[in-house]
Amino acid sequence: MKPTFSARRRACSAFVAILACAMLVLAIPAAHAVTIERVVSPGGIEAWLVRSPAPMIALEFSMLGSAEQDPADKPGIAHMAASLLDEGAGPYDSMTFNDRLERRAIEMSFRAGRDYLRGTLRTLKENADEAFEYLRLALTEPRFDAEVVERMRAQIMSRLRRDSVSPNDLASRNWWATAFPGHPYGRPVDGTLDSVPRITVDDLRSYTRRVLARDNLKLAIVGDVDAQAAGELIDRAFGKLPAKAELTPVTAAVAQGLGRRIVIQLDVPQAVVNFGGPGISRSDPDFMAAYIVNHILGGGSFSSRLYREVREKRGLAYGISDSLVWLNSSALMIGSTATRADATGKTIEIIEHEIRRLAEEGPTEEELTKAKTYLKGSYVLGLDTSPRIASQLVQIQIDKLGIDYIERRAGLIDAVTLSDAKRVAKRLLDGGLLVTVVGRPEGVTSKDGDTKGGG
C-alpha cells in the first residue's frame, strides 16, 4: 500500500501512462510472433529481451526470497520492505524520490509474495538511463527513513484492522494457517496486528541485505532497445547487488487438514467459502493435464462445472472459481465463493459433489476440446502489452520452462489426451478438501478431518 501523497503525485501522469499503454497495445505483435532474445550483460547478468518499436521500456524482475524469509514470530517484514523500496533511496528522501520519478513519467513498484519479491519499471526510452539509475538506488540504497517507515506502518495496520473483520481475508488466512501449520506458507504475507508494530528498521535492512542479490535474479525487458543497450541498463540497475543471497532454506510441504471444515462466525450478509487441497507442481509431467482439468472444474470461465452448477442452475452465488497454485515448496488447488447464509451447506455439498464426480468420471471429450481451445486463445490475448509480456517472461523463467515455451505451449495442451485428463483428474481431485467458512452459515458446522500431509 503506497502513501497517499505519492498516489496523488503520480495521478497527474495518468494521461501519459494511458497514452503510452495505448501505443504499446498497437505495437505488440501476436504472441506467436514474439521473438525472445537471451541477453547477457557485460557484468554477466542474464535477461530475456523482446524488441518492440513502442517508445517505452518495460522491465519486470523477480528475486527468490520474500515472505517465506520472515522470522516465524515476525511476519510482514518482506511486505513492509517491498512497500518502502521506492519511498526514498540514496541521497533522495521520499518526497524528492517520488518527485523525480513523476517528472520523468517513470513508474516503479515492488511487491512481496510468498516466495518471490517482484519489481516493475516502466519508462520512456529517452529517460531509460535515469530510470534504471533510480532503480539501482532503490535496490542498493533504500533509506527506510523513520518518518516514512512509521507512515507505512500506520497504513499497513489500518488495512490489517479492516481485514480482521473482512470475511474474505478471514477465510483465506485461516485456510493457509490450517493447511501449513508451523510452515512459512501458513503465515500472512502482510503480517499481523501483533507483528507489524514490532518490525524495526534493522529488520528491514537485514532483509534487503540478505535477499536482494544477483544469483536468483530473473529479468525480462520489452521495448525499443537492442541487446547491447539492454545489457548496459541491466548492469546499471543490478550490477552492484551482492553476488549471492543469504536465504534460509524452506522445507517442502503438503497441505494438511484435508476433510476439515472450519466455521468462523461473523455477522455479515453472505458466507464466504474457501476450499482446496494439494495440487500438482509446475515441473510435474502431469501439470498440463491438471491445468486443463482444473479449468473444466472451476478455472474462471463461464463454462466451468462449478460455475454452471452453483451459479447458472441454482443461482446460489454470483461467482465461483478455483485455480492451481504452484509455489517453490508446495502445490495447491484453491477455490472460493460467497453465498447466502441459508444456502451455504447446499453450496458446499455441490462443490464437493462436482469434485468427486470429476475425479471419478473425468471430463468428457467435449469439455476437453473446449478447454483446450479456451486456454490457447486466452493465453495469446494475455500477451497484448509490453508489461504483460515482460511479466510472463519472468514467470516462465521462474518455472524453468525454457525460452521457447510460448511457441511450444499450444502443442503441450493439444498433446493431452482424454485418457490423460481422466487419470490426472483422479490424481488431482481425489484427496479431499480443507474448507473454511466465514459468516453466519446454515447447514454447515466445523468438523475435524484427515490431517495427512506434512511440512
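Predicted model: local features only at pLDDT ≥ 70, side-chain atom pairs only at ≥ 80, totals over all residues.
Local features rest on a pLDDT of at least 70 and side-chain atom pairs on 80 or more, whereas totals for chains, interfaces and linings use all residues. Residues are numbered from 1 along each chain as its sequence is written, and side-chain values use heavy atoms, without hydrogens and water.

Helices (DSSP runs of H or I, at least four residues) and strands (runs of E, at least two) are numbered from the N terminus. Strands of a sheet pair through backbone hydrogen bonds, either parallel or antiparallel. In this model, an open sheet of 5 strands has the order 7-11-8-10-9, with mixed pairing; two strands count as paired if DSSP finds at least two bridges between them. Strand 7 (261-265) and strand 9 form the edges, each pairing on one side only. From one strand to the next, the twist averages 15 degrees. Strand 8 (270-278) and strand 10 (331-340) run antiparallel and are joined by 9 bridges, including that of Val-273 with Thr-337.

Helix 12 (344-361) packs on this sheet and touches strands 7, 8, 9, 10 and 11, contact being heavy atoms within 4.5 Å. The direction of helix 12 makes about 145 degrees with that of strand 10; angles run from 0 to 180 degrees between N-to-C directions, and axes are lines fitted to C-alpha atoms, for helices over the stretch in contact.

Helix 10 (287-298) packs against helix 16 (418-429) at about 75 degrees, with the axes 9 Å apart. The two helices are therefore roughly perpendicular, a term for angles of 65 to 115 degrees. Among the residues that meet are Val-293 and Leu-297 of helix 10 and Val-424 and Leu-428 of helix 16. By class, this contact has 9 nonpolar, no polar and 1 charged residues; Ala, Val, Leu, Ile, Met, Phe, Trp, Tyr, Cys and Pro count as nonpolar, Asp, Glu, Lys and Arg as charged, and the others, Gly among them, as polar.

A pocket is an open set of points on a 1 Å grid over the protein atoms alone, where a 1.4 Å probe fits, with protein on both sides within 12 Å along at least five of seven lines; lining residues have an atom within 4 Å of a point. The largest pocket holds about 730 Å³, a volume being the space filled by probe spheres set on the points, which are joined across faces, edges and corners. Its lining has 25 residues, with Tyr-116, Trp-326, Asn-328, Ile-398 and Asp-399 nearest the centre. The second largest pocket holds about 580 Å³, and helix 10 gives the largest share of its lining, 5 residues.

How values were computed:
Parallel < 35°, antiparallel > 145°, perpendicular 65-115°, else oblique.
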